Number of protein chains: 2
Amino acid sequence: MVEPVASRRRESPWPLLSMDESLAIVARESPVLETLTCSTWGSMIGHIIAEDVHAAEPHPAFPASIKDGYAVITSDGGGIRHVVGVTTAGHTGGSIELQPSTCARVSTGSFVPLGADAVVQVEDTKLVEQKDGEEISIEITIPPTLGQDIRPIGSDIAQGELVIPKGCLIGSSEIGILASVGRTSVSVIRKPKIGVLSTGNEVVDDAPINELPFGKVRDSNRPELLALFASLGYEALNCGIATDELADTKNKLMAALQSCDVIVSSGGVSMGEKDLLKYVLEKELNFTIHFGRVMMKPGKPTTFATGMYEGRKKLVFALPGNPVSAWVTAHIYVVPSIRRMSGHSMPDATILRVKLTSDVKKLDPRPEYMRAWLSSPPAGSDIPLAVMTGSNQMSSRLTSTRGANLLLKIPPKSANVTSLKTGDVVDAMVIGAL
Amino acid sequence: MVEPVASRRRESPWPLLSMDESLAIVARESPVLETLTCSTWGSMIGHIIAEDVHAAEPHPAFPASIKDGYAVITSDGGGIRHVVGVTTAGHTGGSIELQPSTCARVSTGSFVPLGADAVVQVEDTKLVEQKDGEEISIEITIPPTLGQDIRPIGSDIAQGELVIPKGCLIGSSEIGILASVGRTSVSVIRKPKIGVLSTGNEVVDDAPINELPFGKVRDSNRPELLALFASLGYEALNCGIATDELADTKNKLMAALQSCDVIVSSGGVSMGEKDLLKYVLEKELNFTIHFGRVMMKPGKPTTFATGMYEGRKKLVFALPGNPVSAWVTAHIYVVPSIRRMSGHSMPDATILRVKLTSDVKKLDPRPEYMRAWLSSPPAGSDIPLAVMTGSNQMSSRLTSTRGANLLLKIPPKSANVTSLKTGDVVDAMVIGAL
């Protein structure tokens with residue numbers, strides 16, 4: 001049973017963890033998922049490859065011309081040559097063997113005939129004699145050097161070469177590499193499926209403009225978090241809104257756990273009498289709550305739990321209900337965790353050093369994460385600028401996240417430092433496309 | 001008719017444009033597309049919004065508590081209070097008006113009753129008297145200040161406030177803002193549909209390992225470019241391979257033009273006798289070829305054409321056939337163009353200043369784009385590092401693109417500078433997730 005309101009605790013029972021402690025716990029509790037086989041290029045994108053891919057064949061498989069021009073014998077030097085053959089790209093007909101004082105017309109990517117040891121680009125030749133539109137002889141105006149403009153067999157990719165190491169993220173260039181070595185199926189690490197749940201009787205869906213019932217608020221966290229995970233390439237499932245009733249909270253949570261690896265909820269984790277989530281996780285589902293408070297702004301009530309459900313380990317991130325807090329803590333805790341589960345060897349956000357373009361008048365006792373967007377370094381500087389996305393960075397003011405691709409790591413107040421000034425340089429997490 | 005090989009030009013007729021000239025032409029010729037209406041949040045992501053979105057209602061619509069605690073009257077100061085009511089979040093029942101010396105229990109997000117002018121968090125209270133688990137009176141241990149822990153009406157979003165300006169990219173935080181103001185349908189700018197075509201008799205699809213016919217090469221450009229555009233959120237259509245026959249080149253190009261706004265082809269644009277693309281574009285389709293050569297490495301034969309097809313302006317990027325050249329020029333020319341067509345106000349890649357971690361022994365006469373990945377600034381430095389993705393950056397060596405999220409802008413050789421050293425700082429285009 002949930003205890004009566006009068007006997008509720010008036011202080012949070014949860015120790016206030018540091019950022020480092022809380023992040024280390026999430027990292028430790030985020031398992032790399034199993035592998036699966038992808039057999040279409042489209043399905044591979046965004047996955048971490050789970051095998052070393054070696055090239056079975058050399059590339060190119062034949063000596064190939066780098067230019068449109070003529071395959072020649074270097075020792076012939078410059079001067080006039082008979083054009084004895086043609087090997088256009090992809091032409092697979094009878095191969096010729098080049099004799100001294102002759103040349104063969106080649107084009108970019110076509111094979112260089114036996115006997116030839118250089119290619120002279122067409123720009124360095126003149127037509128000498130022709131018949132019916134065909135070249136009879138040409139003049140080479142610049143004597144070739146040995147091997148010039150030929151890609152030898154295996155020069156791009158040697159036979160057996162490791163072309164994509166295990167652990168590499170598959171993006172467009174990796175698709176190109178796989179295609180060029182003939183691999184249309186590879187083993188990858190499965191990405192977690194993420195269930196997004198909102199909580200609270202005050203939260204409603206789909207209230208048209210001017211029809212929001214008194215005391216209610218439209219759910220923005222769920223659409224936003226679903227969009228965040230989807231835009232990062234994860235399958236994200238809408239798990240609805242759990243009301244402030246024990247049974248509904250438990251049922252919604254169980255439905256989410258059934259089909260997802262990771263549950264991301266918002267709300268229901270501060271000191272409210274109706275904040276049932278921790279209770280249900282710990283007492284009803286036998287999950288371990290690893291932390292329930294973190295020394296950070298925004299995001300102090302961020303809660304993280306794990307447990308077994310139907311034989312599989314599940315992660316639950318119970319984020320604060322404030323829209324900005326939910327968005328910020330999703331970036332700080334959930335994104336690195338799901339990247340780790342997906343096999344990323346460097347799951348944390350890249351850190352850049354950025355120059356503030358406005359003052360931070362009063363540092364908080366907690367480390368603070370401010371929303372900003374990056375602007376390229378101005379002329380004469382090597383350090384990019386951070387433009388705050390709103391002067392009011394209150395945790396309920398969602399417009400302060402608009403356009404943000406950085407989370408600035410504003411240090412906590414110390415004995416020596418109580419404010420930051422325009423031009424000060426701070427660490428910034430890159431959280432979006434630059 | 002295509003001219004006979006003997007009478008072909010031996011010098012490219014195309015002037016060698018500078019990067020600035022060629023980029024200005026592409027920018028000038030890339031039209032912003034028309035608007036369309038998106039009515040699901042999922043479909044909005046990645047679009048530029050085409051209208052100013054104002055909030056029709058204030059948010060919150062009622063004075064809301066920031067904490068779990070008690071709504072009080074500040075002038076009462078500290079001390080004991082009767083708990084006369086409860087307003088949990090989302091509770092819409094009868095409103096109460098607070099009288100002096102009383103308080104009402106509130107939770108995060110719940111409305112603050114009439115008469116109250118501050119909220120005291122539960123941590124700053126003690127239970128004094130209770131009956132059957134209900135609170136009768138509590139003690140306030142820290143006297144409240146006026147307005148403390150209350151979000152006044154409209155404090156997050158004022159009624160009529162511009163919450164998303166026209167031209168903003170819709171990402172997860174913008175979805176959250178739209179959801180919170182009740183907008184489920186907005187006007188956005190259409191994104192171009194991109195057709196990807198390969199050219200050349202030497203290019204084949206789907207050749208299994210050890211079954212590549214002599215003289216042939218697997219197509220890596222098309223899978224790679226399709227993956228690139230898809231991963232950037234564009235609809236990309238596989239338009240197949242055009243053989244080195246005039247009719248096939250024309251037919252494949254026309255089919256692509258019919259269903260796409262932008263065609264991206266690779267190959268068929270150097271000095272080869274079978275390089276038919278420019279001929280078909282100019283002579284058969286009456287397109288304007290704006291440039292056919294650029295002073296850059298890789299990517300010198302990059303070709304750009306526009307024309308009207310069935311009443312609509314179409315853009316054709318005929319990229320070089322070398323895999324690295326195609327990938328690099330797609331980032332440099334095509335990506336900013338399609339971003340501009342999609343309405344981005346800053347379509348060009350963000351530039352960072354990065355420190356080289358290896359020497360560039362010999363600068364090219366052309367500006368060179370080297371592939372690298374970004375590493376966060378080491379301790380004590382504000383400048384990130386660029387790690388070259390391969391020591392061999394030859395344009396056919398596709399593995400040099402692996403993992404790259406930067407294109408380094410290596411300056412051309414000059415009278416004074418002929419090489420760069422480890423530790424030198426250069427501009428880098430950000431071309432992937434950091």
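Below are my entries, starting with the ground rules.

**Ground rules.** I'm working with a predicted model, where local features need pLDDT of at least 70, side-chain atom pairs count only at pLDDT 80 or more, and totals for chains, interfaces and linings use all residues. Residues are numbered from 1 along each chain as its sequence is written, chains are lettered from A and ligands numbered from 1 in the order in which they are written, and side-chain values use heavy atoms, with hydrogens and water left out.

**Interface.** Next I checked the contact (heavy atoms within 4.5 Å). Chain B puts in 104 residues and chain A puts in 104 residues. I also noted that 100% of the interface residues of chain B are interface residues in chain A too, so the copies meet through the same surface. The buried area (accessible area, 1.4 Å probe, that two parts lose on being put together, summed over both) is about 8600 Å², with 60% from carbon and sulfur atoms.

I found ten salt bridges between chain B and chain A. (That's a side-chain nitrogen of Lys or Arg within 4 Å of a carboxyl oxygen of Asp or Glu.) One of them joins B:E135 and A:R10, at 2.6 Å from N to O.

**Rings.** I counted ten aromatic pairs over all chains. (Rings of Phe, Tyr and Trp, the last by its six-membered ring, pair if their centres lie within 6.5 Å; planes under 30 degrees apart are stacked, over 60 edge-to-face, the rest tilted.) B:F304 and B:F317 have ring centres 4.8 Å apart and planes at 35 degrees, so I filed the pair as tilted.

Most residues other than glycine have a negative phi, and most peptide bonds are trans. Which peptide bonds did I find to be cis? One joins A:H59 and A:P60, with omega about 0 degrees. Another runs from A:K297 to A:P298, with omega near -10 degrees. I also jotted down A:D132, which isn't a glycine but has a positive phi of about 50 degrees.
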